[in-house]
Amino acid sequence: MHIVQPGMEIDVLKENNKIANENYRLLKSHKIKSVDFMGSIGAGKTALIIKLAEKLRAKGVRVCAIAGDVTGADDYGRFEKSGLEAVNCNTGHECHLDANLVKKSLAKVDLGRYDVVFIENVGNLVCPADFPLGTDYRVVVVSTTEGDDMVRKHHDIFLHSDIAILNKMDIADAVGVDPNVIMEDYKKLTGGLKTMYPCSARKDEGIDEILAALGF
């Protein structure tokens, strides 16, 4: 049986936050804007990042991505195939990226060559919430294919994110989900102080609004 010693969890989170601050200062020293994309497996994080990067690169913005996964290089391969330069980051057993893993990934990047770093977190709606990575924005991505109860089930990740995105709007009817239920739950949870952005990465719908929300 695995036993967590008293104070161990607090120490882990404290150390993570310390390294996250170091990451933030490093990125700011290179005038880089950074975004952490959190969300379940299949929410469409990879496709969304590729679409956002394509639009930014068309404007001359230099973009790099960190592909976070427990194992494998599937998302990394998709980034590379799209023309987006990327670094693969496997956690091994952990269900989330932490600041130290991101620090190691950033060490592999010539930061002077980029204006933006997009980080795709491990597919999970629970663990990433407690581990900031040192980015300017934390974004949570959910999709209509996950049902209409995502916000009600996972308060923490929505409260710990700056922006929420509801992807795959183009197939909401096909999967029998009312997007208004999800967006209304989000409005209630956040007291109307944050906005959930509907989009379809596949159809290139709502992407410009997301870019604007991220300050691009």
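In which loop is Lys31 found? Lys31 sits in the loop between helix 1 (8–29) and strand 1 (33–39). Helices (H or I, at least four residues) and strands (E, at least two) are DSSP runs, numbered from the N terminus. The model is predicted: local features need pLDDT of at least 70, side-chain atom pairs count only at pLDDT 80 or more, and totals for chains, interfaces and linings use all residues. Residues are numbered from 1 along each chain as its sequence is written, and side-chain values use heavy atoms, with hydrogens and water left out.

**The chain as a whole**

- The secondary structure of the protein chain consists of eight helices and seven strands.
- The radius of gyration of the protein chain is 17 Å, which agrees with the value near 17 Å that a compact globule of 216 residues would have. This radius is taken over C-alpha atoms, and the globule rule is 2.2 Å times the number of residues to the power 0.38.
- Along the principal axes, the C-alpha atoms of the protein chain fill a box of roughly 50 × 45 × 35 Å.
- Of the 216 residues in the protein chain, 46% are buried. Buried means under 20% relative accessible area, exposed means over 50%, and partly exposed lies in between (1.4 Å probe, protein chains only).
- The protein chain exposes about 10,600 Å², and carbon and sulfur atoms supply 51% of this area. Accessible areas come from the Shrake-Rupley method with a 1.4 Å probe; for residues, only the protein chains shown count as cover.
- Among contacts between residues at least 6 apart in sequence, 73% join residues at least 24 apart. A contact means heavy atoms within 4.5 Å.

**Charges and salt bridges**

- The protein chain carries 27 positive and 32 negative side chains, and the centres of the two sets lie 5 Å apart. Lys and Arg count as positive and Asp and Glu as negative, while His and the chain ends are not counted. The place of a charge is taken as NZ of Lys, CZ of Arg, CG of Asp or CD of Glu.
- A salt bridge is a side-chain nitrogen of Lys or Arg within 4 Å of a carboxyl oxygen of Asp or Glu. By this rule there are 12 salt bridges.
- One of them joins Lys103 and Glu22, whose closest N and O atoms are 3.5 Å apart. This pair links distant parts of the chain, with Lys103 in helix 4 (residues 99–106) and Glu22 in helix 1, 81 residues apart. Both partners are partly exposed: Lys103 has 39% relative accessibility, and Glu22 has a relative accessible area of 27%.
- Lys153 forms a salt bridge with Asp149, the closest N and O atoms being 3.2 Å apart. Lys153 counts as exposed because its relative accessible area is 56%.
- Arg152 and Asp185 also meet through their side chains in a salt bridge of 2.6 Å, N to O. Arg152 lies in helix 5 (residues 150–153) and Asp185 in helix 7 (residues 179–190), so this bridge ties together parts that are 33 residues apart in sequence. Arg152 is partly exposed at 45% relative accessibility, whereas Asp185 is buried at 14%.
- Salt bridges that share partners join Lys55, Asp204 and Asp208 into one network.

- Lys31 has a positive phi of about 60° although it is not a glycine. Lys31 counts as exposed because its relative accessibility is 74%.
- Asp204, another residue other than glycine, has a positive phi near 60°. Asp204 lies in the loop between strand 7 (196–198) and helix 8 (207–213), and it counts as partly exposed at 34% relative accessibility.

**Individual residues in helices**

- Asn16 lies in helix 1 and is buried, because its relative accessible area is 6%. Not counting residues up to four places away in sequence, Asn16 touches Asp98, Ala99, Phe131 and Pro132.
- Ala47 is placed in helix 2 (residues 45–58) and is partly exposed, with a relative accessible area of 29%. Ala47 touches Arg78 and Ala201, not counting residues up to four places away in sequence. The C-alpha atoms of Ala47 and Asp75 are separated by 9.3 Å, and these two residues are 28 residues apart along the chain.
- Asp156 is in helix 6 (residues 155–159) and is partly exposed, with a relative accessible area of 47%. Asp156 and Ala213 are 57 residues apart in sequence and 21 Å apart in space, C-alpha to C-alpha.
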